[in-house]
Amino acid sequence: MNKLLMAATLGVGLMLGYSGGGWAQTDRKLALAGYEAAKDIPGASELPDPNVDYKVVFSVAANAKADEIHPPLKTIALYLNTLAHHGVPASRRHIAAVFHQGGGDAVLVNDVYKARHSGTDNPNISMLRELKEAGVELRVCGQGLLGKKLDPSQVLSGVQVDLWAMTTMVNLQLRGYVRIGG
């Protein structure tokens, strides 16, 4: 009976033009407009819990293509929207992004970014602003700035300059944050 119901549901979906991208429900407000939540999986066992405080620090260390939004920023948006989609209130979403090594350029003001990337505008600015407005803490490694001969004034407003990404990562993890990324 269960197989028959699943087959019928799939058949109806195909007849209605299901394209493979529409599993996510839209009955909850997302944290960031214009970005998706993870697709719902019928019968999935492990889901975000609205009663849990989610403390997550994303390590943004890799280089990215100069003319594209840094990939971890999209992952952070997806994660935030997934939490929101499943009813986790903003007060329980404690998300930080630490930019260091090659990822540090993502948080540079546009004129500095352009000078470092052959005249390419910083494609991350708008998304960083949206993430900040959604409650994400944005932090950059001060040692990385020094190594690149940059000044904290060359970092976008709203981005906190910390002493060292290593210290930030350790401190946040000691405060109960889970680290995601290299």
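A residue counts as buried when its relative accessible area is under 20%. By that criterion, 35% of the 182 residues of the chain are buried. The model is a predicted one.

**Overall organisation**

The chain contains six helices and five strands. Read from the N terminus, these elements follow the order α-β-α-β-α-α-β-α-β-α-β. Of the contacts between residues at least 6 apart in sequence, 70% join residues at least 24 apart.

**The sheet**

The five strands form an open sheet in the order β4-β3-β2-β1-β5, and their pairing is parallel. Because β4 and β5 stand at the edges with a single partner strand each, one side of each has no neighbour in the sheet. From one strand to the next, the twist averages 25 degrees. Strands of a sheet pair through backbone hydrogen bonds, in either a parallel or an antiparallel manner. Four bridges link β3 and β4 in the parallel sense; Arg-139 has Gln-160 of β4 as its bridge partner.

| Strand | Residues |
|---|---|
| β1 | 54-60 |
| β2 | 93-99 |
| β3 | 137-141 |
| β4 | 159-162 |
| β5 | 178-180 |

**Helix α2 and its surroundings**

Helix α2 lies across β1 and β2, and runs at about 175 degrees to β2. Helix α2 (residues 71-85) also meets helix α4 (residues 125-133): their axes come within 11 Å and cross at roughly 30 degrees. Angles under 35 degrees count as roughly parallel, and α2 is therefore roughly parallel to α4. The crossing of α2 past α4 is left-handed. On the α2 side, the contact is made by Leu-73, Lys-74, Ile-76, Ala-77 and Leu-80, and on the α4 side by Met-127, Leu-128 and Leu-131. Seven of these contact residues are nonpolar, one is charged and none is polar.

**Thr-82**

Leaving aside residues up to four places away in sequence, Thr-82 touches Ala-37, Ala-38 and Pro-48. The C-alpha atom of Thr-82 is separated by 8.4 Å from that of Lys-39, although the two residues are 43 residues apart along the chain.

How values were computed
Residues are numbered from 1 along each chain as its sequence is written. This is a predicted model: local features need pLDDT of at least 70, side-chain atom pairs count only at pLDDT 80 or more; totals for chains, interfaces and linings use all residues. Side-chain values use heavy atoms; hydrogens and water are left out. Axes are lines fitted to C-alpha atoms, for helices over the stretch in contact, and angles run from 0 to 180 degrees between N-to-C directions. Helices (H or I, at least four residues) and strands (E, at least two) are DSSP runs, numbered from the N terminus. Angles under 35 degrees count as roughly parallel, over 145 as roughly antiparallel, 65 to 115 as roughly perpendicular and the rest as oblique. A crossing is left-handed if the near helix is turned anticlockwise from the far one by less than a right angle, and right-handed if clockwise. Contact means heavy atoms within 4.5 Å. Ala, Val, Leu, Ile, Met, Phe, Trp, Tyr, Cys and Pro count as nonpolar, Asp, Glu, Lys and Arg as charged, and the others, Gly among them, as polar. Two strands pair if DSSP finds at least two bridges between them. Buried means under 20% relative accessible area, exposed over 50%, partly exposed in between (1.4 Å probe, protein chains only).
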